Amino acid sequence: MRLHTKVLLVVVPLAVIPLLILGGFAYDQQRTTAVERSSSQMTALMDQMTRNFQMHQDVAEANVKLFADASLVRAYALTEDEEERYVLMLPSLLKLFSSYLRAYPDYSEIRFLLPDGYEDARTTSMPTPNVTEEEGETPFFQELARFEGETFTRVSTRPESSEISLQVARPIRLIDLAVQDPLNSKPTLRGYLVVTMRLNFMAEQIASSRVGANGHTLIVNEAGKILFHQDPSKLGQQLPASLLDRALKTGEDTQLVSVSYLDSKSLLSARRLHDGLLLIGVLPEAELLEEGGRLGKAVAWVVLGTVLLLIIVLLVAMSFLMTRPLRHLMNAISEIGQGNLTPEIALSSRDELGQLMRSFQGMAGNLEKSRVKIEHLAYHDSLTGLPNRFRAHETLRRMISLARRENGKMAVLFLDLDNFKRVNDTLGHQVGDQLLKETATRLTSLLRAEDVIHQEVPQNTSGVLARLGGDEFVILLPKVNGSQDAAKVASRILDIVKVPFHFGHEEIYSGSSIGVSLFPDDGTEVDDLIKRADAAMYQAKEQGRNNFQFYSASYNLAVLEHISLESRLRRALSNSELELYYQPLVQARTGKIVGLEALLRWNDPVEGVIPPDRFIPIAEDSGLILPIGEWVLREAGRQLSVWQAAGLSGAFVSVNVSAIQLQRQDLVSIVGQVLKDSGLSPWQLELEITETALMKIRPEVIGDLDAMRQKGVTISLDDFGTGYSSLSLLQELPISKLKIDKSFVRDMLVDPKDAAIVSAVLFIAKSLGLRSTAEGVETLEQAAHLAKEGCDQLQGYLLSRPLPAAEMTRFLKSRKAMGLLKSTLQV
Amino acid sequence: MSVSKTLLVAFFLLATSVVAKAAEPKELVFLSWPDYMDPEILEEFEQRTGITIKQSYFDSDTARGELLLETEGKGFDVALINGASIRILAKRGWLEPLDELSIPNLKHVDPRFRTAFEKAEDFGVPYFWGTLGIVYRQDLVPFPVTSWMDLLQPVKQLHGKVSMIGDSADMIGVALKALGYSLNSTAPQELREAESLLQAQAPAVKTYRYISLNENSALLTGQLAMSMMYNGDTRMLQEYNENIAFVFPKEGGNIWIDYLSVLSASPKKAAAKRFINFLNEPEIAARLAQYVYYATPNKAAEALLPEDFRNDPVIYPSEETLKNFETYQRLPPRAQKNRAAIFSRIVY
């Protein structure tokens, strides 16, 4: 069922039922009112007619008395002699009667009857023949003769006419003063004065008596014969006996009774006007019902009209208020179903429907946001927010097709951070992530800046940065004029990535290698361009990092294409491209060379010397650190034994050990084997471990270190102060020596903070019974200060820069240093 | 008080009583028809007796009856009564018996007239006798009138211009006469016919009052063209207009006698009798007859009348003329009643 129908089924009865009930009440009320009104009208009419009749009767009775008291009448009555009466008096009497009749048109006849019923005098208003003069035997006179009272009134029909009339008679009783004593004699009956009153006035009233359309009155005699009726054809008809019976019964009651009159239901009211005269009021019920019926019809029409109006108004209102908005909503929903998450919903209403619409719109909006987010997630890198590999490929594809159409050129830059792995491993993934993020930020701002610079270039030609994964980024440069444009961007990238990154206290130096492929020269397909840029990137890495290479340029170096720094390092180990440099450590008090720190150098045949901070991380990453570390230990041991055999040194050699070595190598046995092979005493071998490395190692490794120390090998904590070792840890660790980082020593004399740290470290070392070495000592003032503070050993450019073994041999031989030191100390 | 003074007072009282007695019958009320008395004769009576006659009038016997009935016969001293009514009024006790002792001049009166009606001899003195006929304007009625029917069934142009005498006996009488019946008829059918005739005539009747006889008479002014009239009255009208004509209808009519009576209720009966007696002095009666143009029953007076008066066919109709004329007879009471009813139905 449709919404319209349902609402109509609910609302229409709500409106119609009260209306019907109301209508019913009104109908009933109306009917009752109509009945009451008509009844009261009828009652009033009947009462009025009854009163009127009574009034006429009263007047007639009074008049008869008046007439009878006239002196002429009295004289006439007293005159017993007929001749006297008839000749002398009758004309006068008749004249008197005539004048009465003229004065009272209702009276049709005045008679004087003798006590025996003889009609002695008679005057009529109309010339009507007299039937008889001897009335002694008539029922009327019989009754009159028996009457003892003053005035005798009867309804009867005079034999002269068929008309019903009221006869008012007054017996005339007089004392004849001529022969009777006025006091003691009884008045003698002399005759009767009879006035006949026509009831025409009633007929007129009957004719004009109407209640409503058909309510009327009639007068019947005792036998039920209709005497007066508005319809002359009804006159003389007989009222049904049952009806007459009812009328007679209700005669005294003013209430209306319901009867069947002339085959129709009627309300009947009756009044007894006089003996033998019954006034009946008839009120057809149909007429009363008709009035109610009209109301009923009106109610029916109103109901019908209301229903129609309701339906129309509801349909229109619902269409405006509900159906149309619902259809809008439905359309919107189906639009959403079809994928349009931001459908237009034109709604302004504040009702629930409007709220629904708004929340629906909100929901759709959220859905759209989620979709955008999901899409973003699908196409973007979650860490940097940059487009991901997928998007990069897609974008590139689009760019290619664009470039194809326009015969344009474009460049793909493949970027890889140079030491990301190292950062990740040494500083943790958080820092690595930060590095990636910061890199992305820098690159993005750079590309934005590029856009600003090349404002003449259309918007859709701006560069696109994407992260392919790990530390690999790709930069798509549409609309380049040539390799120069790409090179310009690449060199700028190199510059900004080279700038150190600062994360908290960490300062990270990074760099990037960029490979560049060009469309259409290097390829016309997405995969080709990216692969070739990747290859060019490796080329750049091999070129010593922090540079960029074009794919096409690297074609000549195809053989090197697959050679990474790692493989070169591996090769360097076997090719003896690795070399140890040595830097002396002197006794602060005496200036005597007490030790030599072995420092690894890589002499790459192409790049030249590669600093350890560039290749050590790679070595650690690749595991090459293990053979390299072992080689360093053996080489340092061998060299020291050579110098010892030559009598050049009674010092120890200090070797840096990586945390990976400690973890993965049986360092204890290697150290033992080195000592055995070189013939050195254990004290002559010192292992330097950085504070950060030491903190990362597992507890069992600590045991290994302890074992070596027990053997006599010195364990030195390198770069002390850069980590966060606690004093308790220091106490527990198998450490014999602290090396103060060169960064503190460098500014010690100018920065009180550094000076305080140096003093504190030295104090701690002393407290814990540890030896101390200061690194990076470059001036005599520093040396003097450190000596004064109680530092055991000094190391730095003040004494010597790290020297290759051959040069160190010469240095040791010259002893020059010794002397120099001596003189210095003496100052 | 002295004897002489006492005598003086007695004389004075006597003198005043004599004067008072002489002044007592100063005025008599005479109930009569209008124009039925010569004023000069009344003056003469007054000169001779000091008694003033004040006349009171009626215009029909019926009207006189009503008048007397209203007062029960009181208030009048002398009245003119038609012969048929004397018996009834006397029976009623309203009339004073009269005889030759009280009215010495009765000796001049023809005894036939005195006894023409019952009780007339005892209670009345004949005044004049006359008949009933039709008076009309010859110039207004385009044909010679001969019959009562000319009056009772008037031609269209006379409608509203005829009058009748409002007396039950006369009116019903002429109707009966017109129909060929006796005017004393008691036959109901004849009376019904008479009534019908009168009823039919009624719309054309201008009045049922007796017309006046002076110069203002409706007959002279032309308001009326035809009427019932007592014969002598015509002559009075003819004094003013020669077009006045009188006819004795061929069907006949009534012969009447008027009587002078003294009312028993009168306190001046002596004066009244004296007046009647005066009127019957032959010379007076003769003058009076000539004044009213009626035939006098006074034989002595008749002898004094001029020849042409005595030969006037109107005043003294011939035997031939009076062939169908009747006097009113005594009728049964109920017949009288019937006539009264008929009369009332027509007039009232």
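Modeller: Let's begin with one residue: B:D35 is partly exposed, with a relative accessible area of 26%. Please keep in mind that this is a predicted model.

Biologist: What makes B:D35 partly exposed?

Modeller: Buried means under 20% and exposed means over 50%. The 26% of B:D35 falls in between, so the label is partly exposed. You will find B:D35 in the loop between β1 (27-32) and α2 (39-49) of chain B. Its backbone deserves a look too: B:D35 has a positive phi of about 55 degrees, although it is not a glycine.

Biologist: How do you know whether A:N407 is buried or exposed?

Modeller: Its relative accessibility is 71%. The cut-off for exposed is over 50%, so A:N407 counts as exposed.

Biologist: And A:H393, what decides its label?

Modeller: A:H393 has a relative accessible area of 17%. That is under 20%, so A:H393 is buried. A:H393 belongs to helix α9 (residues 389-406) of chain A. Not counting residues up to four places away in sequence, A:H393 touches A:V526, A:D527 and A:I530.

Biologist: What label does A:L248 get, and why?

Modeller: A:L248 has 29% relative accessibility, which lies between the 20% and 50% cut-offs, so it counts as partly exposed. A:L248 is part of helix α6 (residues 241-250) of chain A. Leaving out residues up to four places away in sequence, A:L248 touches A:R272 and A:L278.

**One side of a helix**

Biologist: How do you know that the buried residues of α25(A) are on the same side?

Modeller: In helix α25 (residues 780-789) of chain A, the buried residues are A:Q782, A:A783, A:H785 and A:L786. They cover an arc of only 165 degrees around the axis, which puts them on the same side of α25(A). On the other side of α25(A), A:E781 and A:K788 are exposed.

Biologist: Why can residues that are three or four places apart point the same way?

Modeller: Because an α-helix has 3.6 residues a turn.

Biologist: What do the buried residues of α25(A) pack against?

Modeller: Their partners in chain A are α23 (742-747), α24 (752-768), β26 (771-774) and β27 (793-795). After α25(A) comes A:G790, whose phi is positive, near 100 degrees.

Biologist: What about helix α2 of chain A, which residues are buried there?

Modeller: In α2 (residues 71-78) of chain A, they are A:L72, A:V73, A:Y76 and A:A77. They cover an arc of only 135 degrees around the axis, and therefore lie on the same side of α2(A).

**A peptide bond and a core**

Biologist: What makes the bond from A:F519 to A:P520 cis?

Modeller: The omega of that bond is near 0 degrees. A:P520 lies in the loop between β17 (512-519) and α13 (526-542) of chain A. As a general rule, most peptide bonds are trans.

Biologist: Which residues have the most contacts inside the largest nonpolar core?

Modeller: They are A:F97, B:M164, B:F275 and B:L279, in a core of 172 residues. This core draws at least three residues from each of domain 1 (3-129 + 256-310) and domain 2 (130-254 + 321-347) of chain B. A second, separate core has 80 residues, including A:A588, A:A659, A:L662 and A:L687.

Biologist: How confident is the predictor in chain A?

Modeller: The mean pLDDT of chain A is 82, and 92% of its residues reach 70 or more. Over residues 455-459 of chain A, however, the pLDDT is below 50, and this stretch has zero contacts in the model beyond near neighbours in sequence. Residues 554-563 of chain A also stay under 50, and for them the model has 14 contacts beyond four places in sequence.

Technical notes
Residues numbered from 1 in each chain as written. Chains lettered and ligands numbered in written order. Predicted model: local features only at pLDDT ≥ 70, side-chain atom pairs only at ≥ 80, totals over all residues. Heavy atoms only, no water. Buried < 20%, exposed > 50% of the residue type's maximum accessible area, 1.4 Å probe, protein only. Helix = DSSP H or I, 4+ residues; strand = E, 2+ residues; numbered from the N terminus. Arc of directions from axis to C-beta. Contact = heavy atoms within 4.5 Å. pLDDT = per-residue confidence, 0-100. Core = buried A, V, L, I, M, F, W, Y, C linked by side-chain atoms within 4.5 Å. Domains from an automatic or database assignment.
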